[in-house]
Every structure is written in C-alpha cells, then in structure tokens.
Amino acid sequence: MSSGEKAPIVADLIGDLDRLAGAFADEIGALATEQEIRLAQARYLGKKGRVSELMKALGRLAAEDRPAVGEAANRAKASIEGAVATRLGALDEADLHADLARVVDVTLPGRGWPLGTLHPLTLVRREIEGIFLGLGFEVRTGPWIETEWNNFDALNTPPDHPARDMQDTFFVEGGRVLRSHTSPVQIRTMLSGPPPVRIIAPGNVFRRDDDATHTPMFPQMEGLLVDQGVSFADLKGTLLYFVHRFFGPNLGVRLRPSYFPFTEPSAEVDAACYLCSGSGQSGGRSCRLCKGSGWIEIGGAGMVHPNVFRAVGYDPRAVSGFAFGMGLSRMAMLKFEVDDLRSFYEHDVRFLAQFR
Amino acid sequence: MKISFNWLRELVELKPGVTADSVADKLTLAGLEVESIERRGRDLSGVLVAEVRGTRPHPSADKLSIVRLHAGGAEEEVVCGASNVPAAGGRIAWAPPGATLPGGRKLDRREIRGVMSPGMICSEAELGLGEGGDGILILSPLDAPVGADLARQIGLLDEVLEVNVTPNRPDALSHAGIAREVAALFETSWRLPLPDEVPQVPLAQGRGVDVEIRDSTACTRYAARIVTGLRLGPSPIAVRVRLSACGVRAISNLVDVTNYVMLETGHPLHAFDLNRLQGGIAVRRAGRGERMKTLDGIDRPLQENDIVIADARGAIALAGVMGGADSEVSAATTDVLLEAATFDPRSIRRTSKRLGLRSEASHRFERGVDAEGIPHASRRAAAMLARFGEGRVAGEGIDRYPVQQHPRRVVLSFAGLSRLAGFEIPLSQAAEKLAAIGIVTAPDGDDRLAATVPTFRPDVGIEEDLVEEVMRLVGYEHAPARLPRGSGAPATSPEAPADRARDALAALGLSEIVSWGFVPRTWLGALGGQLEGGIAVKNPISADYELMRTSLLPGLVDAAKRNLARSVFDLGLFEVGPIVRRTDDPKEPTAEPTIAAALLVGRRPGWLKPDEAFDFFDAQRIARELLRALGITQLAFAPARQSLLLHPGVGAEIHVRNADAEATGKATANATGRVVGLVGEVHPRLLRKLGLEARAFYLEVTLDAVGGERRPVRSVAPPRFPVSSRDISFWIDLAVSADDQRALLLSAAEPLLRDLAVLEDYRDPRYAPAGKKGMLWTLTYRADERTLTDAEVDAAHARVVAALKAAPSVALRQ
Ligand SMILES: [Zn+2]
C-alpha cells in the first residue's frame, strides 16, 4: 500500500480483524495435520500474514483510534492461537484414541531365545556343594586318569586285595586307571599339605558296569574332614545336617556297619525316606520309594583308616578324620523323581527342558 | 551268601517268636546286610508222605499206571505218569485233594482217561525243588514217616536270607558264622554240629597216601581223610532241599556233602578218586611250562604263581580253584580222599581271575579260610559222607600244618574307643560284646583291654578294628550326632570357571548334556588325526567305550542325532567337561583340559520368522558372550581354513588379544593373541562321517586357556557429553574382512572417534560390482570435556574417510 492511500475507517478495520479470526477458525477445522495447521497459522500471524497486513494501516490512524484497533488485533491473535491450540489438542486426542485402539494377542509367545537349562546332575552337585560350603568345606577336584597308588594302594587297598573287586576298574596305558571313585582327590589333597583338611570332591568316576542301574561313568561326591579329635559323632552330625538340608528338616539318618578298606569303622548311610517320612507306608500301602523300609540308601562313610593317614604322611595318633561319599546320579534321581538312571545320559531335550 | 532260616534255627537257640525278618533287621544293622528274603514253599500245603502198596496198569493208557497208596489212613488209587514208581513199601510225595502246590495250583479229585484220581504223586520240580530230573520224588525211610506233612518234614517251607557279606568277613560266609553273629545279637547261644558217629576202619595196607606241603606260603594247612566202600547216589532229601535253598544244585551224595559242609562251616572241600591217585600228593607252585587238564576238559597252561596239588604223575588239581580231569570222581568212584585245606588268598585270586574260574570255593579261599577250623570240617565231611554213602572212614587221616596260626593280640583302650566313637562306651560293655563274637579279652591296666582275636577273624588286627566291632554290636544308632568344631578357610572352587561357563551357556538358551568320557574309535577317527592322541581303555566293556575323548564335538553330534531321531529338529546343546590329551611330559603323560562346547542345529527359537536357520553368527555371538562371562572381551576371529573340524569358509579360530588390550579395554587393530577356541559350521565331510543329516554350528573354548579368576569390574562413569554419529558407505573387495576395514578406519588415529560398528554387509550380485561388497558403517564421535560442534564432527569424520580412501580397493558410495 502506498502512503497516498486515504486513512482507513477504524470500524472497518476492527471488523476485518474480527472476521479474520472467524475465517481462521473455519479454515483449520478442515486441516488434519499439525504441519498444515502451523502453515495456516503462519499465513495469518506470520510477518507477512494477514493480521500483519491489516496492521500496516495502524500507522495512518489517528492516535486516539489506535488503542481500539490494537485491542482488536490482539483479540484476533489470541483467538487464532487459541483455535490452533484447540485444534492441535483435538488432533492429539484423535491420535491417542487411534493409538489406543491397537490390540495384540497377548497369548502369543514372546520373542527371542528362551533360557537354556542346566543338567540335573549339575543342579544336584551345586546344591550339595552349597550345603557343605556352608559347613566350611572347600571344593577340590582331580583328574580322571589316576595312578593305581592314588586310586587303591594309598587307600589301604593293596594289589590282590578282594576289595578291588568291589569296584571293577578300567585300565589305561602306563599301568594307570580311570579313577573308580573320587577318593584319590583325598589323597592328593592330604599329600599337598598338613591337616586340618575339610574338602568335598565332586567328579565323574568309572567302573566296568553297564546295566539298568549302573552306568560305566557316573558322578560322585566325596567329603573328607581331618583334624584333631574328629569322631564318629561328628560324622553322624555332618550327615544328619546334610540330610536335613537336602531332603527335609525332620528326617533322620541311619548309619549301618559296613566295610570299605579305607575307613574303620565303616558305615552305609541311609536317610529316612522323605516320601513317607520314614514310616514305610504311603497312602495305606508300602511306600514305592523306600519299598516299605522307611530308609533310602544315600552313600558310604567311615572314620579314615590309620593306613591311609600313614600313606600320606599324617600321624594317625595326632589326627583323626571322617570321609563320606555318595553317587550324585542317585541323589538326582531322588531329588527330581527320575525313575530311569539312563535318562541322564540320553540327551533327550524333552527330558532336559524340565530343569530350568 | 544265601542263609536258610531253617538251618540257622538248628544252630542258634532262638526264642519261638523270633522271625526271619527280625533276624534280617539285626544282621543288617550289625553290618551283614540282608538284601532280600525269599520265602520258599509258601503256597505249598497238604502234601503228605505216602507209602506205595502196589501198582497196576491203567486200563486205557499205556504210559499211565495206577498206584495204590496210603498216608496213614485209607488206601487210595492215584493215576501216575512216571516210570520210576517204587515197589510196595517205597515212599513218595502225595498231594491229595485239597493240597496246594507252589504257584498256587490246587489239587482235586479228577478223572484221567476214565479213571478217577484223588490228587497226584509229585515230582521234585512240582514241589518247587529245582529241576529234579524225570520222574516222581522217591523218599527214603530216613527222610520221613508215612503220613507226615512233607513240606514241614523236609524243610520245604523256609525263608532264605540273601546276606551281602563284605570282603573283610570270611568268617560270615557260612551258616555257622552267621549263627555266631545272630547269637551275639540276640544274646543267646549257638552250636556247631558235631561230626556223626560212624564206623571207622583201619587203613588197609598200602592204601595210605602221604601228603607233603612243599611251599608253606602257598598252603598253611592240609588235611586229608579217606573214605572207602562208598555207594554213590542221591543225598537225603533234606540235604537236597537245603542245598537248593542256598542256590546249590544237588548232584550226588559225594558232591553234595562237600557243598553242605562248606555252607555249614565255610570250609571248601575237594574229593579225589583215591584209586586214580598215583603215589603221595604234594602241594606246590606250578612249574614253568607246566600244563593241566581241568575237570571241565580244558587243557590249561599254568603259571608259576598257581598252586597245584600233584601226585607222582604231575598236577591233579588247581588248588582251591578247580579239580583235574585225571583225579575227578565219577559214578564209579568207591574210595575217595577228602581234602580240607587253606591256600594263599592272593594266589587263588590271581589264578581264578586269570582263568575266569570263580566258584564258591575260590570266593572263600580268596578271602581267607581259617586254618584252625580244618580238622573239624574234615572230620564232619568224612563222617557225613560215610553215612550217606554207607562207607567207612579209613584211618585217622593226615593233617599237615607247617605254620601254626595264632590268635592275634590287640589292645583296646578306653581313650581310643571314646576318641573314635565320639561317646563313651564302658570297657566292661565292650568286653561283653567282644566275647559274644569269640574275641576274649582280659583287663590290661585300668583303662585297657587285651583282646585275643581268633584266627577266623583275619580282618581284626588293630585297635580301630576292635572299635568297629564294639560299635557295631552296641549299635551305631547309639552314637550321638554333632557338627564338627572349627571351620575351614573359604577357598575358590576349581569348578568355578566351568560353572560360570555353564551358567552363561544356559542363559544363552542352550541345554546342558553330559556324555561319556570314553567314545567309540570311529568317532575319533572321523575327527581326523586324533586317533593317535586318544588314550585307549585296555579293558573296555564294549566298543562304545574304547578311547578317552579328545574332543566334545562327537558327543554333541551324537546327542543331536538322538534328538533328530525323536523328531526334535531345533537344538542348542552344550557340554562342559574335560577331554584327555597325551602330553610330552613323562611324569604327567596325560592332560585333562576343561572344554566348554556347544552345538546348534536347525532353526532359531521363536515364531515371528519361521524357518530361519541358525547360522555362523549365532554361534559366534554365543562364543562372544561366553567369553565375556569368563572375563574376556577383547576377541578376534581368524578364518580357520585348514581346520578338519570346521567348514573351510565358515569357521574361525578365536583369539584373545594381548593382555594390554585386555587390561586397558582400548580397541586396537592388532588381532594377534593366543587361540582359546573355535567357532564355525561343522565340516560337512565330518558330519557325513558322524552321520548327522543336518547343518550344525559348533563352538568350543578351552577354559584353562582363558585363565583363572575373572578380574574385578573397574567401572567408569558414563560420558557426560553427547555423541554424534556419521555413517559411511562404500564398495570394497570381498576379501577385505570387517576386521581389516576396522583397522583402516582406525588407522586415522582420530582421537574423537570413540566407536564404530558395521550396519550392513551387502553382497547382492545384481547391484554390487563384481568382486565387491557394499559396506555400511556407523562411526561415533565424542569428546570427554565438551559437546562437539557439527563442524568439529564433520572435520573428524573427513579425516577418517580420508584414511579409508587411501586403501586402493575402496569406492565411496553416496
Ligand atoms: Zn518311603
């Protein structure tokens, strides 16, 4: 506009500004995106927008007219900004509404890799380790291939001793054997340092047996405690503690005289049957787990034989000790109610998947 | 050992209410574990001893006869199919109507080919007495009075205890030995049956046989007795019943007597046919190159350790193990020499083991036979044989006993007893318990007992042995239970790295398996070049357990095969355990490193992208995460083109970068370091050899190579200033690996470049130039102390791009 134009009429100007606000409201009512709305807003309120265009006339007004026109301009501006906010709010609400309409089938499986599984023999080993770690035992291990001396002679089982038949042994080259028990770890430990000794020795052992109730390799866990004044009562207490932790708090333990060349006195260890609480009866009939006896065999134990101490250079007059051993596959069968020993070695993932 | 409860009751005074079960319980708790109780003849009832009055043919059947008999009452006529019916006056077992046979068969009055038969006449087999042979059981007048209940009369109703006798207790391998224990446990008395009174005749002139022990380490005592004028035949039925209960087959009165006395006293006996001996006999070790035909007809080479009984011609028996064919008794034997002896347990064990001839006799000799019991056993057997065979014991017999066995003296102190037991047992009580099993004691000062241990207990030699005897008789249940004093020092488990690997692999979605430590030869053969490294088991049970495993791969492949066979096709399996390798060190000729290994077969878990197969990068990711769990983050993967285990193009060695890089955590371009494992697709040729019909991906990490303790985490605060990233896209020769490209990008040594990662490796031949692949990397820039401006980032990025462009094969893409 040129400066030669005649001065506008104030009332027209105010009317134009008020109409502008109305026109804007109509315009954005049809707009569906924030971008379009912002563009429309700029067309009205921007530097070269329609409101600014009308306001250029302000300079030519009489001073007393200016406040009324300014007020109308501010009113139009506020109305336009209000319309933008309202429209944007409505759009956002519509978006939110649309978003909330999404539905998933929550019963479909989750994505990605499920957790894997540890072998039941690993689980049971760890549980038993944990029990004895709590009693201050430490874990020691040893090799599969052993000397005959470590496996037999040092354990008071000289060559041609009938006790060697108790464990039908595999031989390898160099006159060495696949260890038939983890007892050589006891020997290695005692040879490596003076008493006291407080260890458990988990690991696989090998015997020439292969039938429904024996596998040629099986995991064992042995314990050894050597100190001054260790007695049969300590052995019994330790085993009772183990049974309480592993099978149940109110179950008893029974030691039966037995024979192992490396212990004297020796004992078979029975735990009260956890299924029938030692009664031998379950649901009015003979308990299927303990076959009605009320006891389940869990291992062997005894006081370390003086000849074992002599073999490792300990003085049997100065120290005494106890040792115990158990088959971990048997423990796992009892713990997880596994009927078939072979299932541990058949690698069937449908069996293994249960141990999560 | 099988113990007949009827027999036991004859030896021990037991109150009427004492049952086989209560005896079994006490024995078990005293260390003689009763594994089972067999109830014999339980269904058998109503069978009577009957006398035959006469026999007539069956009117309409050739093979049947009609036997007229009575059992104290009226005469009856019973149809019988046997051909050995005795003449009038003979005694047989008659099951009348109402009787029950083993197995529950009930007898009735029944018509057989037109003749009514009240019940039947029984054979041994029908009475549950083993095979028995053809025909009906014929009883002698000695066996049973007419009309008696047969089962009760001859001991068919019995309970047989299967006692698990541990190898230290040779004294318990007999009914007498068990009787001694039972008497002690029930605080009652027992007796050893005395030899029968039988007619004795002087030895005829020239019939004496001299005995010479030439090696007293081989034989400490040898007794020989001669019985003449024997009539061989079956033993009395009661003896046969007892042998049968103990699992021994009845053969003839001669053989049965040796077995019966062995089961009663624990002394094995052997009978030679006197008329087949030439000259005196000698007990000696076998000579070099000596041979002997044993009574099973096999001609066997002997070894110098073997003990033989020899006559003038040579060896006539392998002492304690098996008789010889040349001196064997036969149906024609009338005169015998009965041997009762002890032989060196070790020699017997070696000989019987070498020849695979383990018998009831060798079992006892190996564990130790009591020399002091020999005269009784010899007299008892000779007298019994003379009675059953209607013969005569000739002469006094010979007893050679060059090395007298003495009872051992062992001291038991109150202190020793309490120290081991952990509770106090008065010495007076200990003395009482020991006396009950034949160990006599005398006070030796105030708090010691001097015990005299009889020769039948070779296992009791030191104080600890006496402690066990006292404790087991007192009862282990009386020992208190308490936890040991003191505590151990906490120590790290040597299993810790293996367990950490197990946890990581399970968390990564794999299932743990446990496979045998030994494997078939074919498995190692398939691996190529590993057969020589395999340590062989010298006495495997089968070819499945021949060689110690040198790799976990075949075991995992086998596990996969088994699952595929069960229609489980998608598998992630792992195993952690030792392998066995030969070393160069003669002192430690084998090493057993612990390996963690995994195998992937089939498809990835999940349902959104069905049928997406596992590939190399799944295995590589697992290897990476496994090593991260073991504390190793600075890894490099180098192609393993020569591997026999992995596909030549899809396999890598896993290197751990040098220790500096590990310690500082700074990325370096240097890929050298030690090899700790392998990862890749299993070589297709190997899969064919192992018979797995699916692609498989394998990884293994040697845990010992990774090192021991995981170092503690040293945390750093997260960066305070933001990062900016720029992408870069270029074509490059297919042969330039991602690691090489990383090295190119890092060669700019740009300090603001903090991270770089591959976004894409693009090889579609429709769009990529020949021999090239398209790469997209994203590079991250950051300064520690300020926010970078766009211009700074652009400048830094330009320097990195310039370094990349210096490589000849690179063409930037827009
Ligand atoms: Zn039970």
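**Exercise 1. State how many residue pairs are in polar contact between chain B and chain A, then describe the interface.**

Between chain B and chain A, 36 residue pairs are in polar contact, both residues at pLDDT 80 or more. A polar contact is a pair of N or O atoms within 3.5 Å; within protein, one must be able to donate a hydrogen and the other to accept it, and residues adjacent in sequence count only if both atoms are side-chain atoms.

On the side of chain B that touches chain A, helix 12 (residues 463–474) of chain B gives the largest share, seven residues. Helices (H or I, at least four residues) and strands (E, at least two) are DSSP runs, numbered from the N terminus. That side of chain B divides into 45 nonpolar, 17 polar and 31 charged residues. Here Ala, Val, Leu, Ile, Met, Phe, Trp, Tyr, Cys and Pro count as nonpolar, Asp, Glu, Lys and Arg as charged, and the others, Gly among them, as polar.

The structure is a predicted model, in which local features need pLDDT of at least 70 and side-chain atom pairs count only at pLDDT 80 or more, while totals for chains, interfaces and linings use all residues. Residues are numbered from 1 along each chain as its sequence is written, chains are lettered from A and ligands numbered from 1 in the order in which they are written, and side-chain values use heavy atoms, with hydrogens and water left out.

Next, the extent. The contact (heavy atoms within 4.5 Å) takes 93 residues from chain B and 92 residues from chain A. The area buried between the chains is about 7800 Å², of which carbon and sulfur atoms give 58%; buried area is the accessible area (1.4 Å probe) that two parts lose on being put together, summed over both.

**Exercise 2. Find which residues B:Arg482 pairs with in chain A.**

Step 1: the count of salt bridges between chain B and chain A is 10, a salt bridge being a side-chain nitrogen of Lys or Arg within 4 Å of a carboxyl oxygen of Asp or Glu. B:Arg482 forms one with A:Asp234, the closest N and O atoms being 3.4 Å apart.

Step 2: the side chain of B:Arg482 also makes a polar contact with the side chain of A:Ser231 (3.3 Å). A:Ser231 lies in the loop between strand 5 (217–227) and helix 8 (232–246) of chain A.

Step 3: A:Ser231 has a relative accessible area of 1% and is therefore buried (under 20%; exposed is over 50%, partly exposed in between; 1.4 Å probe, protein chains only). Residues up to four places away in sequence aside, A:Ser231 touches A:Met303, A:Phe322, B:Arg419, B:Leu420, B:Ala421, B:Gly422 and B:Arg482.

**Exercise 3. Check the span of helix 13 of chain B and locate its packing partners.**

Step 1: helix 13 (residues 496–507) has 12 residues and should span 16 Å at 1.5 Å a residue; its end C-alpha atoms are 16 Å apart, so the two agree. The expected span is 1.5 Å times one less than the number of residues.

Step 2: 10 of the 12 residues are buried, including B:Asp499, B:Arg500 and B:Arg502.

Step 3: the buried residues pack against helix 5 (120–133) of chain A and against elements of chain B, among them strand 32 (571–578) and helix 16 (616–629). Just after helix 13, B:Gly509 takes a positive phi of about 100 degrees.

**Exercise 4. Is B:Arg221 buried or exposed, and what does its side chain reach?**

B:Arg221, in strand 16 (residues 221–228) of chain B, counts as buried because its relative accessibility is 7%. Its side chain reaches the backbone oxygen of B:Ala371 at 3.0 Å and makes a polar contact with the side chain of B:Asp399 (2.6 Å).
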